Amino acid sequence: MDGEFATNTDPTGRWSLVVPLKPLRLAKSRLARSAGDALRPLLALAFAQDTVAAALACPAVLDVVVITDDATAAAELAALGARIVADTPAGGLNAALAHGVDAVRAARPGAAVAALNADLPALRPGELARVLTAAGAFPRAFLADAAEIGTTLLTTAPGTELNPAFGGPSRHRHLSSGAVEIELAGVDSVRRDVDTGDDLLVAAALGLGPYTARRYAAYGSPPRSEPEGRTQQRTGTRPAARAEARPEPRTEPGVRPRPGH
């Protein structure tokens, strides 16, 4: 399924996105607590479909590369227009992302590349475009998730290594590595990844993409909320008023200065 990219650098400066996806039988394990084992892989696929479809509809995006060894997901996402690359390193999430960047730049050495989570079912193309535009001013930049613990997007400019450090408290690791944190109000759909039933409820309030919405409706009722306290840290959402009130950084609008600056 490996397609070929044009070998010239895109003159419009648009981004190549790399989206990693576990085999569906393993994906979104924490969601099984609320959705059950039968629905869980179907939701994982739907999340990826909505993520990829929204990314491909984003005017700032040239193409999307999905790193996966799952045959079903590969077929469905290729049908949307994504390029599928096998996870040949088989070394976990960060190795898969580095492999994806290599696959992009083997054909387009001057590509600007962004790693994007596959579990953003409420993703809006316009919000993604705003984030990528802000990121374009820096060699490396990232967007924290809604809980302000992890990362949903990490970008690298042409000629710069991605150096991904996803997983767990990756926000701190990306800050420590010198990546600039993007801080924009009104981009909740890019920050709202879904690992739990509570996350999915919040994403549904934002507005689910069509693939997840169909799975959500077929479930018959919203996945039940998990016991209070079990997911509080992971699913905490910044109140809208606080997000709007956060002062703009002094250097560039919408970004946090690098540590030490």
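The structure is a predicted model, in which local features require pLDDT of at least 70 and side-chain atom pairs count only at pLDDT 80 or more, whereas totals for chains, interfaces and linings use all residues. Residues are numbered from 1 along each chain as its sequence is written, and side-chain values rest on heavy atoms, with hydrogens and water left out.

The protein chain contains eleven helices and eight strands; helices (H or I, at least four residues) and strands (E, at least two) are DSSP runs numbered from the N terminus. Of its 261 residues, 53% are buried, where buried denotes under 20% relative accessible area, exposed over 50%, and partly exposed in between, for a 1.4 Å probe and protein chains only. Contacts are defined by heavy atoms within 4.5 Å. Among contacts in the protein chain between residues at least 6 apart in sequence, 70% join residues at least 24 apart.

The interior was examined through its nonpolar cores, each being a set of buried Ala, Val, Leu, Ile, Met, Phe, Trp, Tyr and Cys residues joined through side-chain atoms within 4.5 Å. The largest such core has 42 residues, of which Leu17, Val64, Val66, Leu128 and Leu132 touch the most other members. At least two residues of this core come from each of strand 1 (15–20), helix 2 (40–56), strand 2 (61–67), helix 3 (71–80), strand 4 (112–116), helix 5 (125–135), strand 5 (140–144) and strand 7 (180–182). A second, separate core comprises 19 residues, including Ile67, Ala111, Leu154 and Leu175. With neighbours within four places in sequence set aside, Val64 is in contact with Leu17, Val19, Val52, Ala55, Leu56, Ala82 and Arg83.

Strand 4 is largely enclosed by the rest of the structure, because five of its five residues are buried. In a regular strand the side chains alternate between the two faces of the sheet. In strand 4, Ala112, Ala114 and Leu116 point one way and Val113 and Ala115 the other way, and all are buried. Pairing of two strands requires that DSSP find at least two bridges between them. Strand 4 pairs with strand 1 in the parallel sense over four bridges, and Ala114 is the bridge partner of Leu17. Four bridges also join strand 4 to strand 6, and these two strands run antiparallel; here Ala115 has Leu154 as its bridge partner.

Strand 5 is likewise largely enclosed, since five of its five residues are buried. Arg140, Phe142 and Ala144 lie on one side and Ala141 and Leu143 on the other, so that both faces are covered. An antiparallel pairing over five bridges links strand 5 to strand 6 (residues 151–156), with Ala144 opposite Thr151. Six residues separate the strands of this hairpin, and Glu148 takes a positive phi near 60°. Strand 5 also pairs with strand 7 in the parallel sense over two bridges, and Ala141 stands opposite Val180.

Two packed helices are described by the angle between their axes and the distance between the axes. Axes are lines fitted to C-alpha atoms, for helices over the stretch in contact, and angles run from 0 to 180 degrees between N-to-C directions. Helix 2 packs against helix 9 (residues 210–218) at an angle of about 155°, with the axes 7 Å apart. Helix 2 is therefore roughly antiparallel to helix 9, given that angles under 35 degrees count as roughly parallel, over 145 as roughly antiparallel, 65 to 115 as roughly perpendicular and the rest as oblique. From helix 2, Leu42, Leu43, Ala46, Phe47, Gln49, Asp50 and Ala53 meet Pro210, Tyr211, Thr212 and Arg215 of helix 9.

Gly207 is situated in the loop between helix 8 (197–206) and helix 9. Gly207 follows helix 8 and has a positive phi, near 120°; its relative accessible area is 19%, so the residue is buried. Within helix 8 itself, Gly197, Asp198, Asp199, Leu200 and Ala203 are buried. Although 85 residues apart in sequence, Gly207 and Ala122 are 5.6 Å apart in space, C-alpha to C-alpha. Beyond its neighbours within four places in sequence, Gly207 is in contact with Pro121, Ala122 and Arg124.

Asp188 belongs to helix 7 (residues 188–191) and is partly exposed, with a relative accessible area of 39%. Not counting residues up to four places away in sequence, Asp188 touches Glu127 and Leu206. Asp188 and Ala122 are 66 residues apart in sequence and 8.7 Å apart in space, C-alpha to C-alpha.
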